[in-house]
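Hi,

Here is the structure I promised to pass on. Have a look at it first, and my notes follow below.

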Amino acid sequence: MGCSALTVMNIPLFYMISGSLLMGKEEPLGTVWKKRVLRYVLVILIFTFVQYLYLCFTSEDGFLETFSVWDWFVTMLTENIIVPYWFLYEYLGFLVMLPLYRRMLQNMKEEEFHYLFLLYIFFTGALPILEYLLTKWHTILNISFNIAYITGDLLVYPALGYYLIRKPKPSWKQLAVLWVLSALCVVYTCLMTQYKIDYVHQLSEARVGTFFKMLICVPAVTVFLTFRKLFEDAHFHPGVEKLFLSMGSCVFGIYLLEQIGRNTMYPVGMVLVDHLPNFVAAVLYCILVLLATYLVVFVLKKIPGLKKLI
């Protein structure tokens with residue numbers, strides 16, 4: 001359960017990194033659309049089609065029976081070809097709003113950042129937990145009072161990244177305090193999740209995973225600041241640095257193709273499960289899929305045109 005609570009940190013961290021890199025820039029509206037939005041739309045078109053082809057080729061009914069360009073097009077517009085691709089559409093929304101987010105954040109004062117973060121912590125963390133403890137969500141704050149447009153992840157986490165990257169690096173003592181708070185948040189999240197499991201008597205993520213995101217901002221900030229402290233001015237052996245940069249440049253491509261890699265290597269995962277404890281086998285399987293997909297993406301990035309996309 002603790003691992004599940006921590007894995008939801010990946011999206012907040014991605015938005016924090018995006019905020020730290022993008023929010024301080026000045027780009028004309030046309031440049032944002034040409035350089036970022038349209039490029040991302042092209043990624044969605046190409047890789048949803050790739051995933052659709054893969055699903056058709058592996059379908060029990062056969063490729064010719066399942067393939068339809070219209071079916072792909074409608075699914076691409078209205079649904080997720082595969083579950084992980086929900087993030088492509090969410091991030092596309094972030095890029096569309098990027099010029100407005102920039103103008104807002106670049107002109108915010110210190111106390112206004114603090115106000116934004118306090119609103120987020122209260123309305124997405126403290127209040128829902130309090131409502132559940134008191135009434136099991138049978139009684140909640142009037143839904144007409146809705147400030148989700150300002151406390152959503154697409155604004156708050158980029159704002160956090162932009163805010164923190166302009167601050168001095170924290171001391172090790174400050175980081176130690178943050179790590180203690182992060183551990184408490186994870187423990188409390190697990191306790192609340194177990195409490196809900198005992199109440200609803202179900203283990204599905206949709207029913208009992210609602211608390212995982214509520215306090216994840218504290219661990220996300222802690223990890224962000226810790227890695228900044230460790231690596232912002234670090235110097236590595238040229239070979240190690242080259243490997244890090246290579247893997248970092250392939251992360252997006254790995255995300256786009258990892259499900260195909262995961263399905264292709266599924267028999268390997270079953271072999272690991274037969275010979276190792278389940279958790280160890282799962283971790284090793286994920287590492288092998290990651291490495292295999294990285295090698296594929298590394299080769300694909302040598303193809304002219306694809307390098308800028310993935």
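Helix H7 gives the second largest pocket the largest share of its lining, with six residues. Please keep in mind that this is a predicted model. H7 spans residues 110–135, and it is joined by helix H8 (148–151) in supplying at least two residues each to that lining. The volume of this pocket comes to about 510 Å³. Its lining counts 19 residues, and those closest to the centre are Phe 123, Thr 124, Pro 128, Ala 148 and Thr 151. If you sort the lining by class, you get eleven nonpolar, five polar and three charged residues.

Now to the nonpolar cores. The largest one holds 67 residues, and the members that touch the most others in it are Met 16, Phe 94 and Leu 256. Another core, of six residues, lies apart from the largest one, and its members include Ile 129, Tyr 132, Met 192 and Met 214.

The average pLDDT of the protein chain is 87, and 92% of the residues score at least 70. Among the elements of the chain, helix H6 (residues 86–106) has the highest mean pLDDT, at 94, while helix H11 (residues 205–208) has the lowest, at 53.

Technical notes:
Residues are numbered from 1 along each chain as its sequence is written. This is a predicted model: local features need pLDDT of at least 70, side-chain atom pairs count only at pLDDT 80 or more; totals for chains, interfaces and linings use all residues. Side-chain values use heavy atoms; hydrogens and water are left out. A nonpolar core is a set of buried Ala, Val, Leu, Ile, Met, Phe, Trp, Tyr and Cys residues joined through side-chain atoms within 4.5 Å. Buried means under 20% relative accessible area, exposed over 50%, partly exposed in between (1.4 Å probe, protein chains only). On a 1 Å grid over the protein atoms alone, a cavity is a set of points where a 1.4 Å probe fits but cannot get out, and a pocket is an open set with protein on both sides within 12 Å along at least five of seven lines; lining residues have an atom within 4 Å of a point. Grid points are joined across faces, edges and corners, and a volume is the space filled by probe spheres set on the points. Helices (H or I, at least four residues) and strands (E, at least two) are DSSP runs, numbered from the N terminus. Ala, Val, Leu, Ile, Met, Phe, Trp, Tyr, Cys and Pro count as nonpolar, Asp, Glu, Lys and Arg as charged, and the others, Gly among them, as polar. pLDDT is the predictor's confidence in each residue, from 0 to 100.
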